[in-house]
Amino acid sequence: MANVYPLEKTRNFGIAAHIDAGKTTTSERVLFYTGKVHRMGEVHEGTATMDWMAQEQERGITITSAATTCFWKDHRLNLIDTPGHVDFTVEVERSLKVLDGAVIVFCAVGGVEPQSETVWRQADRYKVPRMCFINKMDRVGADFKMVVSQIRERLNPSSAPIQLPLGAEDKFQGQIDLVEMNAKIYHTEDLGSHYEVIDIPAEYKKDAEAAHADLIEKLSEVDDELMEKFIHGQAISMEELKKALRRTTIQNAFIPILCGSSFKNKGVQLMLDAIVDYLPSPVDLPPVHGVHPVTGEDLYRKPDAKEPLAALAFKIATDPFVGKLTFIRIYSGTITSGTYVYNASKNEKERVGKLVRMHANKQEIVDEIRAGDIGAAVGLKKTETGDSVCEEKNPIILERMQFPDPVIDMAIEPATKADQEKLGLALSRLREEDPTLRVHYDHETGETIISGMGELHLEIIVDRMKREFKVEANVGKPQVAFKETITREVEIVGKHIQQSGGRGQYGHVVFDMKPNEKGKGVTFESKIVGGAIPREYIPAVKSGVMEAALSGALAGYPATDIHVDLTDGSFHVVDSSELAFKLAAIYAFKDGMRQAGAILLEPIMNIEVTTPEEFMGDVIGDLSSRRCKIESMTQKGAVKAIRGFVPLSEMFGYATSVRSLSQGRATFMMEPSHYEEVPKMIAEKIVKASNTQEAIAQRRNR
């Protein structure tokens with residue numbers, strides 16, 4: 001297989017977009033046209049190959065990213081279909097981290113929607129070359145020009161169509177190719193498998209020539225070779241245009257825009273041609289960067305099977321037949337089944353039981369996975385998402401992925417004694433799979449708390465526990481994940497001294513606590529000089545700080561964005577111990593928070609509500625009553641789009657409310673944005689409620 005498909009003929013790409021833009025339908029068409037499946041699956045019928053989970057088929061949404069390998073025009077395509085719902089944004093994040101290119105799908109009616117912008121920012125963060133596919137050109141209200149102008153205004157000005165739609169809505173027939181300057185019309189009787197190449201119809205000629213000139217002008221702005229010819233008015237051949245498109249797309253300097261209708265089977269083959277022609281192969285990209293785990297020196301690995309192994313575990317999945325599946329992107333070297341690999345992140349040797357190539361939830365066993373490829377390994381017990389896998393004699397740690405903090409909590413308890421043990425096992429498996437799921441035990445109330453990215457996220461977790469792990473559990477109402485921080489710098493002393501016969505306890509620390517940069521969390525640094533506290537006790541002090549930060553001083557919510565410097569302290573030769581210093585650190589941190597003007601922070605959501613104009617006044621009035629700061633109101637086709645920032649605590653039950661205000665015609669999209677201070681009066685109520693004995697009892701019985 002490796003000889004038939006060299007690295008230059010491999011494309012690792014993903015399909016990502018806003019919810020309901022048609023990603024999974026597009027993926028299904030890719031599988032059909034590449035011969036991977038012989039019957040097209042449909043999302044609305046619950047038969048999509050890539051949406052293989054029961055919950056995905058029932059709800060018609062993608063929850064987990066699915067990987068598959070298919071072949072097109074003597075190229076191997078490794079495709080990952082990602083979710084569009086913001087609650088599962090981690091799936092997009094980790095997929096983009098390991099992909100070489102992406103196709104961002106837009107709806108021809110909805111245009112650039114909030115989650116499209118989120119996906120775009122994620123692709124920017126990982127410098128992923130991409131192209132746009134404007135889908136649903138057959139829908140009523142499809143407006144190609146509007147979507148192109150939104151892409152240029154909101155996402156990237158260096159973008160231009162390489163196709164124009166031939167008709168729109170029910171008259172959509174195919175595309176005008178602006179590179180080859182011809183038109184393609186699809187035959188509906190064979191599910192769009194064949195198209196006819198014709199001359200550009202006379203009524204489209206003028207628009208096509210203007211768009212062709214615009215494409216050349218946009219490309220020449222970012223490509224020196226084309227600029228030279230463009231300035232001197234020389235003719236540019238189709239081959240030169242194709243080469244310039246490939247060069248600039250790989251450099252992330254230009255974004256080609258395509259169009260089609262995946263559901264009506266028009267345009268997917270041309271999108272596959274563009275993936276092969278313009279998106280990078282592993283050899284087109286710079287060598288992957290990592291660091292040596294011991295010396296910290298910069299290391300680079302080329303995409304070559306003969307180089308030392310460097311791979312990243314980007315996803316963990318639980319398979320009912322083989323157990324834990326670790327999805328791996330190989331950047332260099334080769335992994336062979338039955339051999340040992342070294343997990344540099346955990347400093348552990350692991351044995352690879354077997355290797356598989358994935359096709360959604362089906363597997364094809366292979367002997368090896370080579371540089372530039374994506375596969376899955378069975379048998380890596382300790383490897384987690386984001387870990388680096390390499391050779392022990394050539395260790396390397398690749399850049400880890402960043403995952404957002406959860407914004408919503410829910411109490412969960414087993415329904416029966418028999419479910420107690422199963423609950424712990426199920427949660428630990430689900431946490432391995434999903435880095436945005438957090439689990440902690442509240443000692444005060446005796447509850448297990450799960451935290452996630454939204455109500456739907458936690459709903460799916462509970463559903464999966466029941467179905468996959470057969471755990472029956474009682475769940476509480478979702479609660480907002482508040483946080484606590486400080487507003488000023490303080491110096492604070494913490495002491496733990498205990499003397500009661502025999503050996504005593506002695507720990508004494510002095511902290512300098514100050515507000516940290518936003519998003520940095522709690523950080524600790526030792527500035528001890530001259531041995532005021534022996535070196536062996538400093539990890540215990542740090543451990544005390546981190547433990548105390550799990551529940552702040554105001555209302556017991558986790559502390560964040562605080563920097564602690566350990567500046568001084570003292571010890572007793574006989575009575576000092578790690579435990580004594582840990583307790584001293586806990587007391588100091590809690591006291592410090594109280595004295596440093598602790599405040600409560602709440603998650604703020606980015607919201608976009610689309611509503612017909614006649615309901616706009618009611619919708620805005622309702623949003624204002626929920627403390628929403630409205631940023632903009634724009635026309636989006638026949639409806640108005642209201643965008644703003646709103647506290648999550650005010651948004652429970654909003655779906656029902658907005659439906660009743662608009663006779664069911666308004667829709668909304670919400671995603672986590674940032675944390676902000678809770679207004680004083682509301683904060684006082686929250687603190688008071690969380691500190692009453694009654695509240696603790698209620699939480700215990702929730």
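The questions and answers below concern helix geometry and packing in a predicted model.

Q: At what angle do helix α10 and helix α11 pack, and how is their orientation classed?
A: Helix α10 covers residues 417-433 and helix α11 covers residues 455-468, and their axes lie 11 Å apart. The angle at which α10 and α11 pack is about 125°. Angles from 65 to 115 degrees count as roughly perpendicular and those over 145 as roughly antiparallel, and the two helices are therefore classed as oblique to each other.

Q: Which residues of α11 does α10 meet, and how does the contact divide by class?
A: On the α10 side the contact is made by Leu423, Ala426, Leu427, Leu430 and Glu433, whereas α11 contributes Ile461, Arg464 and Met465. These residues divide into six nonpolar, no polar and two charged.

Q: What is the handedness of the crossing in which α10 passes α11, and of the one in which α6 passes α7?
A: For the pair α10 and α11, the crossing is right-handed. For the pair α6 and α7, whose axes come within 6 Å and cross at roughly 125°, the crossing is left-handed.

Q: Which residues of α7 are met by α6, and what classes does the contact hold?
A: From α6, the residues Ile216, Glu217, Leu219, Ser220, Glu221 and Val222 take part, and they meet Asp224, Leu226, Met227 and Phe230 in α7. By class, this contact has six nonpolar, one polar and three charged residues.

Q: Which elements do the buried residues of α6 pack against?
A: The buried residues of α6 are Ala208, Ala211, His212, Leu215, Ile216, Lys218, Leu219 and Ser220. Ile216, Leu219 and Ser220 are also among the α6 residues that meet α7. The elements packed against the buried residues of α6 are α5 (144-155), β6 (159-161), β7 (163-166), β8 (174-177), α7 (224-231) and α8 (238-250).

Q: How far does helix α6 reach from its first C-alpha to its last?
A: Helix α6 runs over residues 202-222 and has 21 residues, for which 30 Å is expected at 1.5 Å a residue.

Q: How far apart are the end C-alpha atoms of helix α4?
A: Helix α4 holds twelve residues, 114-125, which should span 16 Å at 1.5 Å a residue. The separation of the end C-alpha atoms agrees with this, at 17 Å.

Technical notes: Residues are numbered from 1 along each chain as its sequence is written. This is a predicted model: local features need pLDDT of at least 70, side-chain atom pairs count only at pLDDT 80 or more; totals for chains, interfaces and linings use all residues. Side-chain values use heavy atoms; hydrogens and water are left out. Axes are lines fitted to C-alpha atoms, for helices over the stretch in contact, and angles run from 0 to 180 degrees between N-to-C directions. Helices (H or I, at least four residues) and strands (E, at least two) are DSSP runs, numbered from the N terminus. Angles under 35 degrees count as roughly parallel, over 145 as roughly antiparallel, 65 to 115 as roughly perpendicular and the rest as oblique. A crossing is left-handed if the near helix is turned anticlockwise from the far one by less than a right angle, and right-handed if clockwise. Contact means heavy atoms within 4.5 Å. Ala, Val, Leu, Ile, Met, Phe, Trp, Tyr, Cys and Pro count as nonpolar, Asp, Glu, Lys and Arg as charged, and the others, Gly among them, as polar. The expected span of a helix is 1.5 Å times one less than its number of residues. Buried means under 20% relative accessible area, exposed over 50%, partly exposed in between (1.4 Å probe, protein chains only).
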